[in-house]
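This report describes selected side-chain features of one protein model. Please consult the sequence and the structure shown below while reading.

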Amino acid sequence: MIDHAHDLASVRDATDRLLTAVAKLDNASVAEPSRLPGWSRGHILAHLARNADALVNVLRGLPMYASGAARDADIERDAPRPLDVQLADVRDSAARFQEAGAVPADWTRTVELRHGVTDSASRVPFRRWVEVELHHVDLGIGYELEDLPQEFTEREIAFLADRFTGHPDVPPTRLTDGTRAWSTGRVGEAVAATVTGSPADLLGWLAGRRDGTTLRVTDGELPELPPL
């Protein structure tokens with residue numbers, strides 16, 4: 001069972017950490033490149049704000065974004081804003097998401113996200129938690145994958161491993177941190193490789209934040225993962 005109320009609280013805590021960290025920046029550093037190609041830190045902050053509003057739409061049964069082009073245009077429009085405006089927007093949009101999550105609802109219902117992807121409403125708070133935590137790392141301001149909450153890291157590894165399970169381009173692969181193990185890739189075939197590493201390195205590779213060079217691979221080669 002997914003505890004959406006727990007995840008909403010975790011989103012709130014993660015957002016508070018991000019806002020506290022970003023508040024130490026200045027206008028010039030917000031305009032600097034982030035770790036995401038082609039995006040400044042301002043792009044990430046703008047995306048986080050608009051994503052919160054988009055997930056409010058999802059919870060209300062509305063389209064997540066008017067269109068992909070509109071989503072991209074909104075991020076480009078908002079990226080150059082000064083720090084105080086960015087902070088206020090992230091804070092206010094996060095509050096709107098929390099308010100939407102507090103409305104009594106059937107959390108077992110199916111909702112639609114982008115590109116026709118569907119999921120249980122109960123997983124929407126976790127999806128938002130992913131956005132906040134990983135993009136905090138993407139800002140490149142001292143928050144690293146190793147700093148992520150243990151619960152989050154383990155759940156996101158499992159979520160991404162499941163996402164690639166059955167993907168025709170990913171060979172059947174076993175993932176392990178030495179204590180826990182996950183499987184991913186094509187099903188119905190013998191395991192092609194075992195990938196071992198720290199939770200942070202496994203998550204970084206699965207999420208496209210690290211190239212996997214720190215991982216140890218036995219009985220095969222490190223698979224090339226498709227983009228998320």
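A charge is taken to sit over a ring if NZ of Lys or CZ of Arg is within 6 Å of the ring centre and within 35 degrees of the ring normal. The model is a predicted one, in which local features need pLDDT of at least 70 and side-chain atom pairs count only at pLDDT 80 or more, while totals for chains, interfaces and linings use all residues. Residues are numbered from 1 along each chain as its sequence is written, and side-chain values use heavy atoms, with hydrogens and water left out.

**Charges over rings**

| Charged residue | Ring | Distance from ring centre |
|---|---|---|
| R71 | Y65 | 5.8 Å |
| R109 | W107 | 5.9 Å |

**Helix α4 and its surroundings**

R71 also belongs to the buried set of helix α4 (residues 68-78), together with I75 and D78. Seen down the helix axis, these buried residues fall within an arc of 80 degrees, so they line one face of α4; the arc is that of the directions from the axis to the C-beta atoms. On the other side of α4, A69 and R77 are exposed. Buried denotes under 20% relative accessible area, exposed over 50%, and partly exposed in between (1.4 Å probe, protein chains only). Helices are DSSP runs of H or I with at least four residues, numbered from the N terminus.

The cover over the buried residues of α4 includes α3 (41-59) and α5 (83-102). Helix α5 contains S93, which counts as buried because its relative accessibility is 0%. Apart from neighbours within four places in sequence, S93 is in contact (heavy atoms within 4.5 Å) with A49, A52 and D53.

**Aromatic pairs**

Rings of Phe, Tyr and Trp (its six-membered ring) pair if their centres lie within 6.5 Å; planes under 30 degrees apart count as stacked, over 60 as edge-to-face and the rest as tilted. Four aromatic pairs are found in a search of the whole structure. In one of them, the ring centres of F126 and W129 are 6.0 Å apart and the planes stand at 90 degrees, so the pair is edge-to-face. These two residues are three apart in helix α6 (residues 124-138), a separation of about one helical turn. Both F126 and W129 are buried.

F126 also forms an edge-to-face pair with F159, at 6.0 Å centre to centre and 70 degrees between the planes. This pair links distant parts of the chain, since F126 lies in helix α6 and F159 in helix α7 (residues 150-164), 33 residues apart. F126 counts as buried at 2% relative accessibility, as does F159 at 17%. Ring pairs join F126, W129, F152 and F159 into a cluster.
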